[in-house]
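User: Can you walk me through this one? I'd like to start with the domains and then get to the chain contact.

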Amino acid sequence: MVMLSQLLRFKLKDENDEQAPLSDLSVDLFEGEHPPVTGLYLNHSTKQKRSLPWSEVKSIDWSTRTIRVADLKAAQQETTDSMRKVVLLADGVMDALVLDLQNRRATRANDLQLEEEDDKLVLSAADIGSNAILRRITAGLYRRVTKSTLYDWKYIEYLRGDPGAVKSEAGKHLRISRLPPGEVARLADFLPYLHAAELITLLADPKAADTLEMMSPERQLQVFEELDEEQALRLLALIAPDIATDLLARLQPATMRSYLERLPPKQAERIIELLRYPEYTVGGIMTNEVVYVRGELTVIEARETLREPLKNPDFIYLVYVVDNEKERILRGVISMRDLLTAPDETKLEEIMDRYVITLQPLDSAAASARRVLDSHMAALPVVNKDKRLLGVVTVDAAVAEVAPRSWSEQAPRIFS
Amino acid sequence: MSKATEPQGLEPIDALDAKALPLNPRPVSRGLRVNVRGRSVNLRGMRRSPTGLLRWLAILGPGLIATSAGNDAGGIATYSQAGAKFGYELIWVMLILTVSFGVVQEMCARLGAATGRGLLDLIRERFGIAWALFAVVIILVANGGVTVSEFVGIGAAMELLGVSKYIAVPLGALLIWYLVIFGSYRKVEKILLLMTLVFFAYPVAAFMAKPNWSEVAHGAFVPTFKADPAYIFLVVGLLGTTVTPYIQIFQQSSLVEKGVARRHYGPERIDAYVGAIFSNLMSISMIVATAATLYVVGQHEIGSAADAARALEPVVGSAARVLFGIGLLGATLLAGAVLPLATAYAVSEAFGMPKGVNLDFRRGKIFFSLFTALIVIGVVLALIPNIPVMQLLVGVQVLNGVLLPIVLVFILLLINDKNLTRELKNTKLNNIIAVGTLVLITSAVVVMLGGQLLGWLGIM
């Protein structure tokens, strides 16, 4: 067990007794929970950094602070380009922003702890305490390590502050992926925007989309604009159409158009439909990804028919009963509970609720949102003058519309 | 919402006459017609960015506030002193400084937009813990000094309004502490900002005092150099109070707070330039107003706030003292709250410590202690009996001037780091002006310190 601040005062010695100071270590962040050291770096100046692979290390002599290697002459010249790909402990990880996932906060790594693990040296913990700072500035005079400020690297996420750096590794980071998207979004709201964007690129697409949905609107836009186009498009296809609409509506018209042209047709149609309504109307706060089914089906047929349509939408608690799928004339509503518990052979028409309160797409958003909240329903449907089902205003959207801004940022989104 | 014309929810939806459903009568805004996926649609949901005057108002913001914050107690004292002591002679410094100030502020704004991080964060990440500690000490000394000067200002303002500073300063500090910690600061901020509007009397006073405009022009465009230690001292003071380290930190973090991303930075740079020009026009008018009222009648020393207030007499006559007091109180309370807050923020950020006024005390220990300590130190030092108010205020600005080159070097190194700022990195012209500013300030400081040293050694 050794702290990086101490290790950086070690020297390298080869079999011909040549010596060189150790300046940095590289690690493979994606290898296991405690990333192994992959290389040693020799020179201080960036122009002529030279490196040795970890396999060259013969032994570490702790008492004389020497790392014995086979041959120092085997060290490779590093270029600026090759340096960009590696993660360095002293130059990169130390002092950078890291996420302490146990406490759900961003902090800085004041020092790093390494451990020997059968022939390898692995990054085992980050020290965020103030005596780590003291250790570093006193050049080895002060050496105390307190256990309480050491955080296991297993629960630490390192961010480079460069969304472009980790493209190929998207989805590989298991640590951050274990948190629910809401918590990741909350963490991201308190990070510099480049770090937040990097966080999104670390996540697998479905989780990234969910996280993006839950960020504050300003942060959403900042992060979205930092993503590369391919990923932006993939996420846009996955996020709820109402949120995607609010996001696209704030882009330049030309950029918005190019995204709409390239999105999968279904999602593009939904977004274009929603974009037709001003933000202060019901249409501006509704979502049109709704589950609906024909009334003449029996319960068991409906369950079969809905298997596919239920897979994607966020809001599935209420299923709307319509005349036919094409015209979507609203006839009634049925809750998911009824659909699961009603006798198999009953027709939906017999058990659906026909007494539906509907909203008009061009009504005022604020007044209609209050109506949703007063009704204590999970959502109210939005229909046009022909009673065609256009979408729903969920209770989440209603809360977001009615609550003061500071509230709506704290309010958890439940349905959409 | 339209009035219900049918019994919604009381009859089955089938039974309702479709035509009876209210068709929306609300007029809705014209949308944006876009050709997309082979058809033309009218998109009313597009949020179009404001145009015309509104667009400018949206851009002007952080820079204008940050730079105007420079006209606080220390600023007013230094500009008044410069006007009283040397008349119009120092205006040329302010003209050069407008260019430097604008460029430096713009660099900080750009650094904030390009990285999304504050200055101390970047120093920590780029140069490591030792330099970060060094920078923190510099910032603490500089901002601590300015904080003291704000509380001195509160005392001076309240004495003008007839309240003893031994009562006013602790009360003002307590008020600031309470407002910030318990979160109602934002509401009060606007009142304080309104109070500072009094200082718009300065440009008016500058005209109404009927200065000798040819002398003003001479002072503005013909640089004069004097071996007088007081002259050089004031030049450094002017540098320090105009291009203040804390305004740079404030500018950068307010851009971060505003959420300006690098690809939207372009028009934001105007904000920094406009802020610099506006704030310096204000400063110049303070110099002119003071010179035209005090210098010309032979009063070359400003000993108290009451003397400084006399510069406003051409406009408001005998009400000058009270009005000046109100303006000074607003400006100092404002800066007295923002400074300790911004300093505590920046420092705890650099150390990765929990921060922000929304945290409870246990988690934000360092943040709260730092904030409280800065205020307490400010109050204690400001209440030292018989303190020469004006000299202290100017002295703090000189200290800022001395520390400024160090902060400028950090900013220059960071903004020229291509890995950090990419396409927003400094242009050649930026660098020439910034390095020129650095050289100017450093040499002024060296000349001043050298002069003092020689003075002590008894050579001069």
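**Domains, sheet and interface**

Analyst: Chain A is assigned domain 1 (2–157), domain 2 (161–276) and domain 3 (292–410). Keep in mind that this is a predicted model.

User: How many Å separate the centres of domain 1 and domain 2 of chain A?

Analyst: Taken over C-alpha atoms, the centres of domain 1 and domain 2 of chain A are 34 Å apart. Domain 1 of chain A puts eight residues into the contact, and domain 2 of chain A puts in 12 residues.

User: And how do the residues on the domain 1 side divide?

Analyst: Six are nonpolar and two are charged, with no polar residues on the side of domain 1 of chain A that touches domain 2 of chain A.

User: Switching to sheets. What is the order of the open sheet in chain A?

Analyst: The order is β9-β6-β5-β4-β10 (chain A), five strands with antiparallel pairing. β9 (76–77) and β10 (87–88) of chain A are the edge strands, each pairing on one side only.

User: How many bridges join β4 to β5 in chain A?

Analyst: Four bridges, between residues 24–27 of β4 and residues 37–41 of β5 in chain A. A:S26, for instance, has A:G39 in β5(A) as its bridge partner.

User: Now the chains. How many residues of chain B are in contact with chain A?

Analyst: 41 residues of chain B, against 50 residues of chain A. On the chain B side, β1 (32–36), β2 (39–43) and α5 (119–160) each supply at least two residues.

User: Which element gives the most to that side?

Analyst: α5(B), with six residues. By class, the side of chain B that touches chain A has 20 nonpolar, 12 polar and nine charged residues.

Definitions and conventions. Residues numbered from 1 in each chain as written. Chains lettered and ligands numbered in written order. Predicted model: local features only at pLDDT ≥ 70, side-chain atom pairs only at ≥ 80, totals over all residues. Contact = placed C-beta atoms within 7 Å. Nonpolar A, V, L, I, M, F, W, Y, C, P; charged D, E, K, R; others polar. Domains from an automatic or database assignment. Pairing = 2+ DSSP bridges.
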